[in-house]
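Here is a short briefing on one protein model. Look over the sequence and the structure before you read on.

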Amino acid sequence: MTLDWPTLLPLIFAGLMGLAILIYVILDGFDLGIGILFAAAEDAEQDTMIAAIGPFWDANETWLVLAVGLLLVAFPLAHGTILTALYIPVFLLLVGLILRGVAFDFRAKVPAGRKHRWNRIFFLGSVIASLAQGYMLGIYVLGLDVGLGGMVFGALVALCLAAAYAAMGAAWVIYKTEGELQKKAVLWLRRALVLTALGMVAVSLATPLASPRIFDKWFVWPAMLYLSPLPILSAVLFAWLWRQTFHLPKTDDRHALTPFLTLAAIFTLGFAGLAWSFYPFVVPDRLTIWQAASAPESLAIILAGTVVVLPIIIFYSFYAYRVFGGKATDLTYD
């Protein structure tokens, strides 16, 4: 393939869209996970958990907006095909995100006696959004199969992705809190890791079986040798993190961020495997990146805007995480 400008532009946008999705899954994954963990937390703990995500959660969702926006403007044919097949889970995802946003603000404004109601809505919105994302992933992996088999697999992946988000949330609580809540978060992480590992195994096994083309990309020599570090390293990181949960929290809060960084690395490895499996298709086995892409002239204009906007988003994200670093303090409403 000749990498001239019309050929290179769709690749650039595919990479940008993939990067936005990965960052979203990691960053918004932990605050969705904290919402899921509300079911296991007490009232005071819930306030501390909200304080741990308060400065970040809106900015985290920016990456989802960026990813969907890039899909719409850079790959309009794929946007129509994917969202048509996933119309209902996309609708449920938006409902979940709206419920979370409303509950996040209302729980701080209502009388104390009504706060429990909004805490439950925050939990419900987090669960709905997480399950919807997992279901969409499962359907996408099977080539947008919306039959009974695809729905069952989508439901399995939905449960496992929700557990993965819960693990991310627990890891973030370990980093941002201390005392009894931090110890409880270690137990949450240990339990969530089981379903997280199950989900990654299920997706890893189903992806090559969903398409002969993908099977050949993974199970033909010497590709097997070159790709073997992805599953092996993922398994090693899972085992190492599981072992670490029996030694956390450590004295002087050492390695409190390690579980979160480890899970982020596992997610990155899994995403790399999916990217390799589906390349060069943006709609599995239907539309390639180049077939679904907008005209090169349009992509060039969009790229100029992206070059301006993307550094701003990255700078703000780093700045926010730096300014609001450290342990979450007691939540107060003035």
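The model is predicted.

**Helix α11**
- Helix α11 spans residues 229–244, which makes 16 residues.
- α11 reaches 22 Å from its first C-alpha to its last, close to the 22 Å expected at 1.5 Å a residue.
- Leu230, Ser234, Leu237, Phe238, Leu241 and Gln244 are buried in α11.
- The buried residues of α11 pack against α8, α9, α10 and α12.

**Helices α1 and α6**
- The axes of α1 (residues 5–37) and α6 (residues 115–141) come within 8 Å.
- They cross at roughly 140 degrees, and α1 and α6 are therefore oblique to each other.
- The crossing of α1 past α6 is left-handed.
- Residues of α1 that meet α6 include Tyr24 and Leu32. Among their α6 counterparts are Phe122, Phe123 and Gln133.

**Cis peptide bonds**
- Leu248 and Pro249 are joined by a cis peptide bond, with omega about -5 degrees. Pro249 lies in the loop between α11 and α12.
- Tyr279 and Pro280 are also joined by a cis peptide bond, with omega about 10 degrees. Pro280 is in the loop between α12 and β1.

**Positive phi**
- His255 is not a glycine, yet its phi is positive, about 60 degrees. His255 sits in the loop between α11 and α12.
- Asp285 is not a glycine either, and has a positive phi of about 60 degrees. Asp285 sits in the loop between β1 and β2.
- His255 is partly exposed, with a relative accessible area of 43%. Asp285 is partly exposed, at 40%.

Notes: Residues are numbered from 1 along each chain as its sequence is written. This is a predicted model: local features need pLDDT of at least 70, side-chain atom pairs count only at pLDDT 80 or more; totals for chains, interfaces and linings use all residues. Side-chain values use heavy atoms; hydrogens and water are left out. Helices (H or I, at least four residues) and strands (E, at least two) are DSSP runs, numbered from the N terminus. The expected span of a helix is 1.5 Å times one less than its number of residues. Buried means under 20% relative accessible area, exposed over 50%, partly exposed in between (1.4 Å probe, protein chains only). Contact means heavy atoms within 4.5 Å. Axes are lines fitted to C-alpha atoms, for helices over the stretch in contact, and angles run from 0 to 180 degrees between N-to-C directions. Angles under 35 degrees count as roughly parallel, over 145 as roughly antiparallel, 65 to 115 as roughly perpendicular and the rest as oblique. A crossing is left-handed if the near helix is turned anticlockwise from the far one by less than a right angle, and right-handed if clockwise.
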